[in-house]
Amino acid sequence: ALANGDLTEPIQLNYLTELWPDNRQQIKETHQPLITLIVRFRVKPGKEAAMIKSFEPFVPRVRKEAGNVDFHFHTVNDHKNEFVLYERWENQAALDAHNALASTKTMVSQLGNILEGPIQNMIVFANDISK
């Protein structure tokens with residue numbers, strides 16, 4: 001029904017493939033709102049392998065950081081130059097500490113040569129309003 005006049009453009013469904021699944025035990029806990037970031041990267045043509053190589057050591061390192069709940073890096077099926085990073089943090093202080101690390105600053109600076117545009121335009125901050 002939404003597609004029949006309520007939307008300004010068609011809904012785009014993207015199926016993701018996680019590159020390095022998190023093997024930590026998944027335990028269902030009481031719901032707690034978390035800080036969530038979704039980053040949809042678009043890389044320059046031919047830079048896909050460089051993007052994957054940049055994130056390969058970064059993903060397991062971030063998963064060990066205090067306050068990190070989830071850190072998942074995906075390819076977007078049928079869009080070889082697009083990647084999605086899904087990350088969740090216990091609170092803003094944990095995310096701020098992550099962003100202040102030299103390793104995070106280095107990663108962001110390296111991505112400048114790989115991405116089609118500014119990383120700031122690719123980040124979505126999501127607020128969990130579910131109960």
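In what order do the five strands of the open sheet stand? In this predicted model, the order is S1-S3-S4-S2-S5, with antiparallel pairing. Strand S1 (16–18) and strand S5 (123–127) lie at the edges, and each has a single partner strand, so one side of each is left without a neighbour in the sheet. From one strand to the next, the twist averages 25°.

**Pairing of S3 and S4**

- Strand S3 covers residues 68–76 and strand S4 covers residues 79–89; the two run antiparallel and are joined by eight bridges.
- Asp70 has Arg88, in S4, as its bridge partner.

**Helix H1 and the sheet**

- Helix H1, formed by residues 48–63, packs on the sheet.
- The strands that H1 touches are S1, strand S2 (35–42), S3 and S4.
- The direction of H1 makes about 165° with that of S3.

**Helices H2 and H3**

- Helix H2 consists of residues 92–100 and helix H3 of residues 102–111; their axes come within 5 Å and cross at roughly 65°.
- Angles of 65 to 115 degrees count as roughly perpendicular, and H2 and H3 are therefore described as roughly perpendicular to each other.
- On the H2 side, the contact involves His98, Asn99 and Ala100, which meet Ala102, Thr104 and Lys105 in H3.
- The residues of this contact between H2 and H3 comprise two nonpolar, three polar and one charged.

Conventions:
Residues are numbered from 1 along each chain as its sequence is written. This is a predicted model: local features need pLDDT of at least 70, side-chain atom pairs count only at pLDDT 80 or more; totals for chains, interfaces and linings use all residues. Side-chain values use heavy atoms; hydrogens and water are left out. Two strands pair if DSSP finds at least two bridges between them. Helices (H or I, at least four residues) and strands (E, at least two) are DSSP runs, numbered from the N terminus. Axes are lines fitted to C-alpha atoms, for helices over the stretch in contact, and angles run from 0 to 180 degrees between N-to-C directions. Contact means heavy atoms within 4.5 Å. Angles under 35 degrees count as roughly parallel, over 145 as roughly antiparallel, 65 to 115 as roughly perpendicular and the rest as oblique. Ala, Val, Leu, Ile, Met, Phe, Trp, Tyr, Cys and Pro count as nonpolar, Asp, Glu, Lys and Arg as charged, and the others, Gly among them, as polar.
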